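I keep this notebook to record what I look up in a structure and what I find there. The sequence and the model come first, and my entries follow.

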Amino acid sequence: MKAKDSPPAAVPEEIARRIIRDCADCDCCRPILDEACLFFPELYRLHDREMETGRKPSSDELRGMVEKCNFCALCPCPNIRADIIRAKTAFVARDGLPPRVRLIEDVARLGRICGAFPRMTDRLLSSPRMGKRLKRWLGIHSERRLPAFSKENFLAWVRKRGLDRKPQAAEGRRVVYFAGCTATYLFPEVARSTVEVLQAWGLTVFCPPLSCCGMPSFLEGDREFTLRAAAQNLAVLSAAVEEGYDILCSCPTCSFMLRGLLAEGAYFSEAYQQRVGADARFIQVPARARAGGRPVGGMEVFDRAMFKNILKDDGYFSGLDPLQRIAVAEKVYDVGEYLLQREREGEGPQGFSPLRLQALYYPPCHQREQQFGRPYLELLRRVPELEPTALEGNLHCCGLAGVMGFKQDFHEASIALGDRLMRRIREIHPQAIVTDCLSCRLQFEQLLSYPVRHPIEILRQALQPSASRQPREGKEKPSA
Ligand code: SF4
Ligand code: SF4
């Protein structure tokens, strides 16, 4: 499937100036996001300077401003976030992407390069001089730690077990597991644990070859890469959905992309309107789908004459088949969410072994954005002797923002951005941190000394006959 032709090029400076104008008029985010976001302080600085001195922001300043947004979704207006991405995309379409960013945004390629000779890569990265050079070549900041590369990435593990071949005539529930690039190449133990837990729940697991979810390139404004990856995934996933598979993601950013961003606007497409038999007077969409949520049953009806210019499929992914986007989005689940549903329906293992541990659960931003509660917390509470508590209240961003925190010119800002969250965690002083976002995990491992685990690893451990061991200390990481 190919994307339709791109829309006419927008002028990035105009989009960026419009964002400044809208947010300066509103001013809501000035006090609330002064420390939790790098974008708004810069926006208000440029706006205030222009008000005081008449000096307009230059093109470079406008590009620098939109590049400060890491799409953490803490701000209240999705249309502003969409405009930020539009501005980034328009800058890249016109001025290009620096080659180092192009290298680092392709996490799968980076994983393949570095993981081809894992021992040698780890040795090089742990050497002070060569490590710095290698990181510079990769466009990674010299002080950024990387996890040790595994001898066997998840794809190789999957191939050995034949999980990349479609199961024959399987009975019961069948799921496609979308592991995501970070788990596949940097944390294969998380992806392996996920498969083993899903199997322990009685599910038939299929792991077909898939592309990156597209979030890193989306954040960098690389539309071509993002659409190519999305089209490849849609072809594989929609075919699986047609055969009755559900799609499970252990990474909340992947599920946010596949069931949120990718499907945005798809219900307003002509193809969907024809399918539901909407007539010339009304637009019909499933309830809640309009706001980007999962349909909850029942349809909302809008007057076509009044809303046809607002409610339409004209967003970032509108060039891809809207019916495939909907079919996939409606069958994508977070692994924790899916397991909890199965458990409530009486499916799954009989119980867990005790595991003595005080664990602090950090719900990452793209998990919170999907509004499906804290399923992992509920599952972890079923493990005897495990004391999971969630970090509540003002949940600051960890600051890594996908691959942005790895970049040479974003590293310092990324550390500063995560500082408030790190201080809160140090005050709590848990035995271990549990989070489902592997980007957050990389940042926690960079800045804190606590072991960090994905909740699925804890569940995997608690499924063993004698689980009551502390999680292993983090893998030895090459020093910067
Ligand atoms: S993001 Fe929305 S709420 Fe925040 S300043 Fe801009 S317009 Fe106002
Ligand atoms: S998405 Fe996050 S980083 Fe971007 S503007 Fe909103 S709060 Fe700031």
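**Entry 1: terms and ground rules.** For residue classes I count Ala, Val, Leu, Ile, Met, Phe, Trp, Tyr, Cys and Pro as nonpolar, Asp, Glu, Lys and Arg as charged, and the others, Gly among them, as polar. The model is predicted, and local features need pLDDT of at least 70, side-chain atom pairs count only at pLDDT 80 or more, and totals for chains, interfaces and linings use all residues. Residues are numbered from 1 along each chain as its sequence is written, while chains are lettered from A and ligands numbered from 1 in the order in which they are written.

**Entry 2: the surroundings of the ligands.** The list reads D22, C23, C26, C28, C29, C75, P76, C77 and I80. By class, this shell holds eight nonpolar residues, no polar ones and one charged one. I then asked which helix gives the largest share of the shell around ligand 1. Helix 1 (residues 12-26) does, with three residues. Helices here are DSSP runs of H or I with at least four residues, strands are runs of E with at least two, and both are numbered from the N terminus.

Around ligand 2 I found L33, C37, F39, F40, C69, N70, F71, C72, A73, L74, C75 and R81. That shell has 10 nonpolar residues, one polar and one charged.

**Entry 3: the whole protein.** I noted 24 helices and 10 strands. The radius of gyration is 23 Å, close to the 23 Å that the globule rule gives for 480 residues, so the protein is as compact as a globular protein of that length. The radius is taken over C-alpha atoms, and the rule is 2.2 Å times the number of residues to the power 0.38. The C-alpha trace spans about 65 × 60 × 40 Å along its principal axes.

Of the 480 residues, 46% count as buried. A residue is buried if 20 or more other C-beta atoms, placed from the backbone, lie within 10 Å of its own, exposed if 12 or fewer do, and partly exposed in between. Among contacts between residues at least 6 apart in sequence, 75% join residues at least 24 apart. A contact means that two C-beta atoms, placed from the backbone, lie within 7 Å.

Entry 4: I looked up the strand order and found four strands in the order 2-1-3-6, with parallel pairing. Strand 2 (204-206) and strand 6 (332-334) are at the edges with a single partner strand each, so one side of each has no neighbour in the sheet. Neighbouring strands are turned by 35° against each other on average, direction ignored. Strands count as paired if DSSP finds at least two bridges between them.

Strand 1 (residues 174-178) and strand 3 (residues 246-249) pair in the parallel sense over four bridges. Y177 stands opposite L248 in strand 3, and V175 stands opposite D246. Strand 3 is joined to strand 6 by three bridges, also parallel, and there I247 stands opposite V332.

**Entry 5: helix 19 and Y338.** Helix 19 (residues 335-344) packs on this sheet and touches strand 3 and strand 6, its direction making about 90° with that of strand 6. Axes are lines fitted to C-alpha atoms, for helices over the stretch in contact, and angles run from 0 to 180 degrees between N-to-C directions. The buried residues of helix 19 are V335, G336, E337, Y338, L339 and L340. Is Y338 buried or exposed? Y338 is buried, because 22 other C-beta atoms lie within 10 Å. Leaving aside neighbours within four places in sequence, Y338 is in contact with D246, L248 and Y333. After helix 19 comes G346, with a positive phi near 85°.

**Entry 6: R420.** I found R420 in helix 22 (residues 411-428). R420 counts as partly exposed, because it has 14 C-beta neighbours inside 10 Å. Not counting residues up to four places away in sequence, R420 touches E35 and H396.

Entry 7: Four strands lie in the order 8-7-9-10 and pair in parallel. Strand 8 (386-390) and strand 10 (452-453) are the edge strands, each pairing on one side only. Strand 7 (residues 357-361) and strand 9 (residues 432-434) pair over three bridges, and A359 has A432 as its bridge partner in strand 9.

Notes: Near = placed C-beta within 6 Å.
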